[in-house]
Amino acid sequence: MPINRLERFAHNLDWNLLRTFVVVVEEGSITRAANRLLLQQPAVSMALKRLEQSVGHRLIDRSPGRFELTEAGERLHALCHDIFTAIVRLPEAMQPSGEDISGHITLHSVSHAMNPAWDRAIAEFFRLHPRVTMGVTIETTTDVIRSVERGVATLGLSDGIIPEGLEKTPFCYERYALYCGRGHRLFGVRDARLEDLRGEPYVSFLADVLGGPHMGPVTAVRAIGSFGQQVRALAFNVEEVLRLVVANAGIGMLPVHLTGAALAAGELWQLPPYDDLPVTETFRITNPGSALNPAERAFLAHMADVPPWRWGE
């Protein structure tokens, strides 16, 4: 293709169509993408059609019962990922460097990712760099990973399946057990068995979904024990899952180190299994393709050697 045609293509392309395409792919649905973009469904469908006309390729196979990226769609989505990461990080890349470091750090995390050594290291970092600011956002596993992939977050703290394109380091290990609330029929029963739990309503974390993209050790215990198929309530943070279990909305898996107060108050009761409890791993994740400001570079270097935390140590 001659250079002038390439330049004309770039000049004429509506870059908003690329953003719409990325959201459609992430949501896996025109309807869900329209809801997220606050647009009508026909407007999103038309945007996708215009983009396909602009690039000269069909991007998504939307035949009945199918919603899959074509080969061209896969390539464009990968390119869009790099484009948006670069655009998001432009303000940070232009921050001046200097001995007196300033700038903003953005941390996105799943709820209650705990590591005492991390907290001490943060305190020391802000003592050394008082002009640096930080914002912390609590999100679901999927959203934390997405924020790091897009370059929105300096660093993420997330469990789940971390994509190969991101760098990850162990942050903490948490042991989970199964609990019920005071009103449950097995509350106070000391010889309960796994088979007693079959068919019980379950309170689940959003990431702990049978067949979901981030199944882990907690989900595996549910599958082995044949409980939790009937999910009555979903929440993305520990506080809400605990509250719903205490309210007897269903049984639920919770981090052992966060249930002591509720157990002591007689609000929770531990259920089987009692041995070989599942351990989840939370990672520090970063995007190696992100352009970082001086504060972000200093922060990642300062925190690089913080060891992972294991409950009970």
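Which residues is leucine 178 in contact with, leaving aside its neighbours within four places in sequence? Contact here means heavy atoms within 4.5 Å. The answer is Leu197, Tyr202, Phe227, Ile251, Gly252, Met253, Trp269, Gln270, Leu271 and Pro272.

Some ground rules. This is a predicted model, where local features need pLDDT of at least 70, side-chain atom pairs count only at pLDDT 80 or more, and totals for chains, interfaces and linings use all residues. Residues are numbered from 1 along each chain as its sequence is written, and side-chain values use heavy atoms, with hydrogens and water left out. Helices (H or I, at least four residues) and strands (E, at least two) are DSSP runs, numbered from the N terminus.

Back to leucine 178. Together with Ile251 and Leu271, Leu178 has the most contacts inside the largest nonpolar core, a set of 31 residues. A nonpolar core means buried Ala, Val, Leu, Ile, Met, Phe, Trp, Tyr and Cys residues joined through side-chain atoms within 4.5 Å. Buried means under 20% relative accessible area, exposed is over 50%, and partly exposed is in between, with a 1.4 Å probe and protein chains only. The elements giving two or more residues to this core are β6, β7, α9, β8, α10, β9 and β10. There is also a second, separate core of 29 residues, including Leu107, Val132, Val148 and Phe283.

Now helix α10. Its buried residues include Val238, Val241, Leu242, Leu244 and Val245. Seen down the helix axis, the buried residues of α10 fall within an arc of 165 degrees, so they line one face. That arc is taken from the directions from the helix axis to the C-beta atoms. What covers them? Among the covering elements of α10 are β6, β7, β8, β9 and β10. At the start of α10, a side-chain oxygen of asparagine 237 comes to within 3.4 Å of the backbone nitrogen of glutamate 239. That is a polar contact: a pair of N or O atoms within 3.5 Å, where within protein one must be able to donate a hydrogen and the other to accept it, and residues adjacent in sequence count only if both atoms are side-chain atoms.

After α10 comes asparagine 248, with a positive phi near 65 degrees. Asparagine 248 sits in the loop between α10 and β9 (251–255). It is partly exposed, at 27% relative accessible area. Asparagine 248 is also one of the contacts of arginine 232, along with Pro201, Tyr202 and Ala249, again leaving aside neighbours within four places in sequence. Arginine 232 belongs to strand β8. A polar atom of the arginine 232 side chain lies 3.1 Å from the backbone oxygen of alanine 249.

Next, strand β11. Of its 8 residues, 6 are buried. β11 runs antiparallel to β6, joined by 8 bridges, and pairs with β5 in the antiparallel sense over 3 bridges. Two strands pair if DSSP finds at least two bridges between them. Tyrosine 173 has glutamate 281 of β11 as its bridge partner. Serine 158 stands opposite phenylalanine 283 in β11.

Last, the backbone. Most residues other than glycine have a negative phi, and most peptide bonds are trans. Histidine 112 has a positive phi, near 55 degrees. Histidine 112 lies in the loop between β3 and α7, and is partly exposed at 31%. Then the prolines: the peptide bond from proline 272 to proline 273 is cis, with omega near 5 degrees. Proline 273 is in the loop between β10 and β11.
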